[in-house]
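Hi everyone, thanks for coming.

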Amino acid sequence: MTQKPLKFYVPEPSGRPGQATDFSYLRLQPAGAARKPPIDIAPYDTRDLAIGLIRVLDDQGEVQGPWAEDIPDDDLLRRGLHAMVKTRIFDARMVIAQRQKKTSFYMQCLGEEAIAIGQSLALREGDMHFPSYRQQGLLIAQDYPLFDMMCQIFSNDQDPLKGRQLPVLYSVPEKGFFTLSGNLGTQMPQAVGWAMASAIKGDTRIACGWIGDGATAESDYQTALLFAHVYRAPVILNVINNQWAISTFQSVAGGEGTTLAARGIGSNVASLRVDGNDFLAVYAVSRWAAERARNNHGATLIEWVSYRAGPHSTSDDPSKYRPADDWSRFPLGDPIVRLKDYMIKRGIWSEQEHQELQKACEAEVVAAQKKAEAHGTLATGRTSSVATMFEDVYKDMPAHLRRQRQELGV
C-alpha cells in the first residue's frame with residue numbers, strides 16, 4: 001500500500017482583499033445565553049464559558065441574561081462613553097500627527113475602546129495593569145493628562161520619559177499603568193509575578209495582564225498560565241482577540257476549531273470568552289474576575305472578541321491582506337455606537353448630547369496637542385535634551401561619563 005505524502009497545513013482567514021469575509025468562524029451566541037457562575041467556581045467547570053460567548057447587549061440594544069445584573073449606573077455609563085469617544089479622537093489626531101512627521105510611530109485602538117476602558121472603570125485604585133500597546137484607554141479613562149501622553153509621543157522636552165521609550169510605550173505606575181514593553185508576551189508573567197507579590201505581602205491589590213491574540217503563541221504566555229494556576233495568583237489575564245496580529249490571522253496563533261480562552265482550561269485557570277465590543281459585558285465580566293481574584297479564588301483568563309478596525313500601526317496597510325470594508329461587516333459592531341444606542345434607548349443620552357460630547361472631546365484633544373507641540377515634535381527637531389542620557393543611571397556619575405558629557409557640551 002502506497003503511503004500518501006504528508007501535507008503541511010497553515011490556517012487561512014475566511015476573507016482576503018476582494019473577497020468578503022465569512023465571519024461564521026466566530027461561533028457567536030445570542031446575548032444572555034451564557035450563564036453567570038459563582039466567583040469560586042472550579043476552573044474546569046468554566047469550559048462552556050471558554051468556548052461560548054458572554055454578551056449582555058443584543059442586536060436591538062436591549063440587555064439580556066444574568067450578566068446584566070452587574071451593569072454600571074448612569075454616571076459610570078456616561079464616563080465610559082466619554083472616555084471611549086475621547087480615546088478615538090485622540091487616536092485619530094495622533095495618526096494625523098504621524099503622517100505630518102511630528103512623530104515616528106503610532107498605534108491606535110480603533111474598534112477596541114470598550115475593553116480597556118470598561119475594565120479600568122470596573123477595578124479599584126491601586127490595581128496594576130501590565131498593558132500592551134493598545135490600552136491607552138486605561139489612562140484616558142482615569143483622566144490622565146493628554147498633554148503628558150502627547151509629549152511622550154513627540155519625545156519633546158516635556159516628555160516624562162525623557163525620550164527613552166518609543167512613542168505610545170507609556171509608563172505611569174501611579175495610575176496603575178506599568179512601564180510598557182514592546183516585547184510581545186512579557187506583560188503576562190510580569191502581571192502574575194506582581195499579583196503573587198501582592199498576595200505574599202497580604203495586600204488587597206490585584207494585577208491585570210494584557211496581550212493580543214498573536215502573542216498567545218509566545219512561551220511567556222504559557223509560563224504565566226502555569227504560575228497563575230499553581231499559586232492561584234490574584235490576576236486577570238486579558239487576551240484581546242482582534243482577529244489579526246499584524247498581517248497574520250488569529251488562527252495561526254490559536255489554531256482552528258477552538259478558542260483562545262479554551263487554552264486556559266488545560267492550565268486549570270478559569271476562562272471566559274466575552275464580546276469585547278459590548279461595554280456592559282466588559283464591565284460585568286471584569287468585576288466578576290476582580291472579585292474572584294480579591295477573594296483568593298485564583299486567576300481568570302478572558303478572551304475579548306473584537307476587531308482591529310485600523311492598521312496594526314502607522315507602518316501597516318491592512319488592505320493588502322484583508323477586505324478593506326471588513327470592520328463595517330463585523331458581526332459585533334462598533335462599541336461606541338452600541339453603547340450610545342443603548343443609553344439613548346434607556347433615556348439617559350441623546351444624539352444632541354453625543355454630538356456635543358464629540359465636539360468637546362475634539363476641542364480638548366486639539367488644545368492639548370497645540371500645547372504639547374509648543375514644546376517640540378520630531379518635525380521641528382526640538383526633542384529631549386541629549387544630556388538626559390547621562391542621568392538616572394548611576395547614583396554618582398563615573399568620571400568617564402562626566403568627560404563624555406563635557407565633550408558634548410551638555
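Let's start at Val-168, in the loop that runs between helix H5, residues 146–154, and helix H6, residues 187–200. Please keep in mind that this is a predicted model. Val-168 is not a glycine, and yet its phi is positive, about 75°. Is Val-168 buried or exposed? Its relative accessibility is 2%, and the cut-off for buried is under 20%, so Val-168 counts as buried.

Now for another residue with a positive phi. Lys-101 is not a glycine either, and its phi is about 65°. You'll find Lys-101 in the loop between helix H2, 74–99, and helix H3, 113–122. With a relative accessible area of 64%, Lys-101 is exposed, whereas Val-168 is buried.

Let me zoom out for a moment. The UniProt record, an unreviewed entry, lists residues 83–377 as "domain: Dehydrogenase E1 component". That span is 43% helix and 11% strand, and the C-alpha atoms at its ends lie 26 Å apart.

Next, a helix I'd like you to look at: H11, residues 335–346. Its twelve residues reach 17 Å from the first C-alpha to the last, close to the expected 16 Å.

Which residues of H11 are buried? They are Pro-335, Ile-336, Arg-338, Leu-339, Lys-340, Tyr-342 and Met-343. As a reminder, an α-helix has 3.6 residues a turn, so residues three or four places apart point the same way. The cover over the buried residues of H11 includes H2, H3, strand S6 (270–275), H10 and helix H12 (351–373).

One of those covering elements, H10, brings me to my last stop. Tyr-283 sits in helix H10, residues 279–294, and is buried, with a relative accessible area of 7%. What does Tyr-283 contact, leaving aside its neighbours within four places in sequence? The partners are Asp-70, Ile-71, Pro-72, Leu-76, Gly-118, Leu-121 and Ala-122. As for Tyr-221, it is 62 residues from Tyr-283 in sequence, and the two C-alpha atoms are 24 Å apart in space.

Methods. Residues are numbered from 1 along each chain as its sequence is written. This is a predicted model: local features need pLDDT of at least 70, side-chain atom pairs count only at pLDDT 80 or more; totals for chains, interfaces and linings use all residues. Side-chain values use heavy atoms; hydrogens and water are left out. UniProt positions are given in the numbering used here, feature names are shortened, and annotations may be inferred rather than shown by experiment. Helices (H or I, at least four residues) and strands (E, at least two) are DSSP runs, numbered from the N terminus. Buried means under 20% relative accessible area, exposed over 50%, partly exposed in between (1.4 Å probe, protein chains only). Contact means heavy atoms within 4.5 Å. The expected span of a helix is 1.5 Å times one less than its number of residues.
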